[in-house]
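User: I have a model open and want to learn how to read it. Can you take me through some features, one at a time?

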Amino acid sequence: GRKAALERSPMMHARKLAILALAGTVFFWGTSFTATNAAYAELPPMTVIWLRMLIASAVFLPFWHRLPRLQYRPGDLPVLIASMAFIPCAYFALEGYAMVFTTSSQAGVVSATAPLIVAIGAWAILRERLRWQQISAVAVSMAMVAVLATSGTTQASAPAPLLGNLLELGAMATAAGSTITIKHLTARYNPWFLAGLQAAAGAIFFAPFALFGPPIAWGALAPQTWLAVAYLGVLPGLLAFGLYNTALRALPAASAALAINAIPAVAVIAGWLVLGEALTVVQLVACGVIIAAVAFAQWASASPSAAPQTVPEPVDLRRAP
């Protein structure tokens, strides 16, 4: 009736905003691979990541006082620590070195596995419904990632594609852990607070790796290097995380994560346009199969029959074994 329609209206509005937030996330994260490779031309990986986090923290700091008051509860601290350990610490360490050994386009395609890993984790931990189409997509995508990882060609921007792609796959596993913990935390914590906390944690964690690394001729860095680092800090580093956390508040974790299946396409196009990267025919086929698999899973999750009649209560991660 009319009451039900009125109740659905705010939900539909929130869902539309969440979809827009995911679109921005996909664009910024997809182009981050190209910007990262550009920054690596003159700076070590850990230095790039530290500068990225430092810039994101500096941009976030003036807005700190405008956020709603925190709703901390006893037991939240371990979940917060786990979430920050996943992203930014483990994730950027793995992805940072992955980008040394593989191309931005290949790493972008491997990132397509993240939503499928999240789907399994959300089913096991958050009790979100997992359909057989998603399970099939996980199996197919993982097989194609193996093809992609073993068929990469050695080139100037990818000296060891197998190692790089496997490191990127490990980064996707930590990204899945972050998505699940962030989904739990957004019930009480502002999404932008969590994005700022991620940036601050990364700035602290990566500082020793950057400051005690090889000496850098800061004054000799090209303007495009500084531009790439600034882009990474402001847009993929802060804005994209805030948008993704916002979407996680309104959508199931598996549904939100499935939206990033478009990242490979953005990464491939950006790598081709900006860096002149190329993929082999075998890799192009693997890319197509991965994108088709995750698109199939997304279609299944969006169909009317995919929605459960009741929403189960999520597991309290503070008491999970």
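User: Where does Leu43 sit in the chain?

Analyst: This is a predicted model. Leu43 lies in the loop between α1 (2-40) and α2.

User: Is Leu43 buried or exposed?

Analyst: Compare its relative accessible area with the cut-off: buried means under 20%. Leu43 has 4%, so Leu43 is buried.

User: What does Leu43 contact, beyond its neighbours within four places in sequence?

Analyst: Leu43 touches Val48, Leu51, Ile216, Trp218, Leu221, Thr225 and Val229. Look also at Pro214. Leu43 and Pro214 are 171 residues apart in sequence, yet their C-alpha atoms are 9.5 Å apart in space.

User: What are the chain's secondary structure elements?

Analyst: There are 12 helices and zero strands. Buried residues account for 50% of the 321 residues.

User: How many residues of α2 and α7 are buried?

Analyst: In α2, 12 of the 16 are buried, so this helix is largely enclosed by the rest of the structure. Among the buried residues of α2 are Ile49, Trp50, Arg52 and Phe60. In α7, 18 of the 25 are buried, so α7 is also largely enclosed by the rest of the structure.

User: Which residues touch the most other members of the largest nonpolar core?

Analyst: Start with the general idea. In soluble globular proteins, nonpolar side chains tend to be buried together. Here the largest nonpolar core has 67 residues. Trp29, Ile49, Tyr91, Phe92, Leu194 and Tyr244 touch the most other members. Another core lies apart from it, with five residues, among them Val109, Met144, Ala286 and Cys287.

User: What does Tyr91 contact, leaving aside its neighbours within four places in sequence?

Analyst: Tyr91 contacts Phe86, Ala171, Met172, Thr174 and Ala175.

User: Which residues does a cis peptide bond join?

Analyst: Most peptide bonds are trans. The bond between Ile87 and Pro88 is cis, with omega about 20°. Pro88 lies in helix α3 (residues 76-101).

User: What about Gln198: buried or exposed?

Analyst: Gln198 is in helix α8 (residues 191-211). Its relative accessible area is 4%, so Gln198 is buried. Leaving aside neighbours within four places in sequence, its contacts include both Ile87 and Pro88. Gln198 also touches Met53, Met84, Ser178, Ile182, Phe241 and Asn245.

User: Which residues form a nonpolar patch on the surface?

Analyst: Ile269, Trp272, Leu273, Val274 and Leu275 do, with about 540 Å² of accessible area together. Take Ile269, in helix α11 (residues 263-275). Its relative accessible area is 46%, so Ile269 counts as partly exposed.

User: What share of the chain's accessible surface belongs to carbon and sulfur atoms?

Analyst: The share is 72%, out of about 15000 Å².

Definitions and conventions:
Residues are numbered from 1 along each chain as its sequence is written. This is a predicted model: local features need pLDDT of at least 70, side-chain atom pairs count only at pLDDT 80 or more; totals for chains, interfaces and linings use all residues. Side-chain values use heavy atoms; hydrogens and water are left out. A nonpolar core is a set of buried Ala, Val, Leu, Ile, Met, Phe, Trp, Tyr and Cys residues joined through side-chain atoms within 4.5 Å. Buried means under 20% relative accessible area, exposed over 50%, partly exposed in between (1.4 Å probe, protein chains only). Contact means heavy atoms within 4.5 Å. Helices (H or I, at least four residues) and strands (E, at least two) are DSSP runs, numbered from the N terminus. Patches are made of residues with over 30% relative accessible area and no salt bridge: like charges are joined within 9 Å, nonpolar side chains (Val, Leu, Ile, Met, Phe, Trp, Tyr) within 5 Å. Accessible areas come from the Shrake-Rupley method with a 1.4 Å probe; for residues, only the protein chains shown count as cover. A salt bridge is a side-chain nitrogen of Lys or Arg within 4 Å of a carboxyl oxygen of Asp or Glu.
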